[in-house]
Amino acid sequence: MKISIGNDHAGPDYKKAIVQYLESKGHQVTNYGTDSDASVDYPDFGHPVASDVEEGKADFGIVICGSGNGIAMTVNKHAGVRAGLCWTKEIAYLTRLHNNANIVSIPARYTSIQQAIEIVDTFLNTEFEGGRHQTRVDKISC
């Protein structure tokens with residue numbers, strides 16, 4: 001699986017652990033995130049992830065910022081991107097199952113690294129249920 005990841009200054013340690021986990025599972029990861037805790041602007045790291053998903057260069061995306069909100073708002077501006085803010089693995093499960101999300105947004109300041117890995121694992125291993133949910137997903141884009 002091809003996965004793009006991006007993060008701001010709140011998530012370098014999260015990104016490092018997630019990338020290590022994903023690569024251990026045989027996934028190809030493209031890293032757009034910062035490796036520093038020096039303040040940066042999350043859109044600079046979210047847009048490349050969203051572009052990869054939008055253009056089919058990545059199967060899924062992972063974005064990380066302090067609350068997960070700003071970077072989720074950023075990537076959701078891209079056509080064809082459906083990012084879900086997930087702070088538990090249960091939310092990650094539902095955002096894939098019901099919403100067919102293709103990017104997961106993780107709030108680094110409100111989850112542990114272990115929780116973030118569980119969120120990513122659940123997100124990537126949950127199939128979209130389709131059916132009545134497809135009709136709703138079709139109505140999301142403007």
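Ser 4 has Thr 30 in E2 as its bridge partner. The model is predicted. Strand E1 covers residues 2-7, and four bridges join it to E2. The two strands run parallel.

**The sheet**

In general, strands of a sheet pair through backbone hydrogen bonds, either parallel or antiparallel. Here the pairing is parallel. Five strands form an open sheet, and their order is E2-E1-E3-E5-E4. Which strands stand at the edges? They are E2 (28-31) and E4 (83-85). Each has a single partner strand, so one side of each lacks a neighbour in the sheet. From one strand to the next, the twist averages 20°.

Helix H5 (residues 113-124) packs on this sheet. H5 touches E1, E3 (60-65) and E5 (103-107). The direction of H5 makes about 165° with that of E5.

**Annotated positions**

An unreviewed UniProt entry carries the annotation "binding site". According to that record, the annotation covers Asp 8, His 9, Gly 66, Ser 67, Gly 68, Asn 69, Gly 70, Asn 99, Arg 109, Arg 132 and Arg 136.

Two of the annotated positions, Asn 69 and Arg 109, deserve a separate look. Asn 69 is found in helix H3, which covers residues 69-75. Arg 109 sits in the loop between E5 and H5. What does Arg 109 touch, leaving aside residues up to four places away in sequence? Its contacts are His 9, Ala 10 and Gly 66. Among these, His 9 and Gly 66 also carry the UniProt annotation.

| Residue | Relative accessibility | Class |
|---|---|---|
| Asn 69 | 35% | partly exposed |
| Arg 109 | 58% | exposed |
| Cys 65 | 3% | buried |

**Cysteines**

A disulfide is a covalent bond between the sulfur atoms of two cysteines. How many disulfides does the model hold? The count comes to zero. For Cys 65, the closest cysteine sulfur is in Cys 86. That sulfur is 13 Å away, too far for a bond. The cut-off for a disulfide is sulfur atoms within 2.5 Å. Cys 65 is also buried, at 3% relative accessibility.

Notes
Residues numbered from 1 in each chain as written. Predicted model: local features only at pLDDT ≥ 70, side-chain atom pairs only at ≥ 80, totals over all residues. Heavy atoms only, no water. Pairing = 2+ DSSP bridges. Axes fitted to C-alpha atoms, helices over the stretch in contact; angles between N-to-C directions. Contact = heavy atoms within 4.5 Å. UniProt positions renumbered as here; feature names shortened; annotations may be inferred. Buried < 20%, exposed > 50% of the residue type's maximum accessible area, 1.4 Å probe, protein only.
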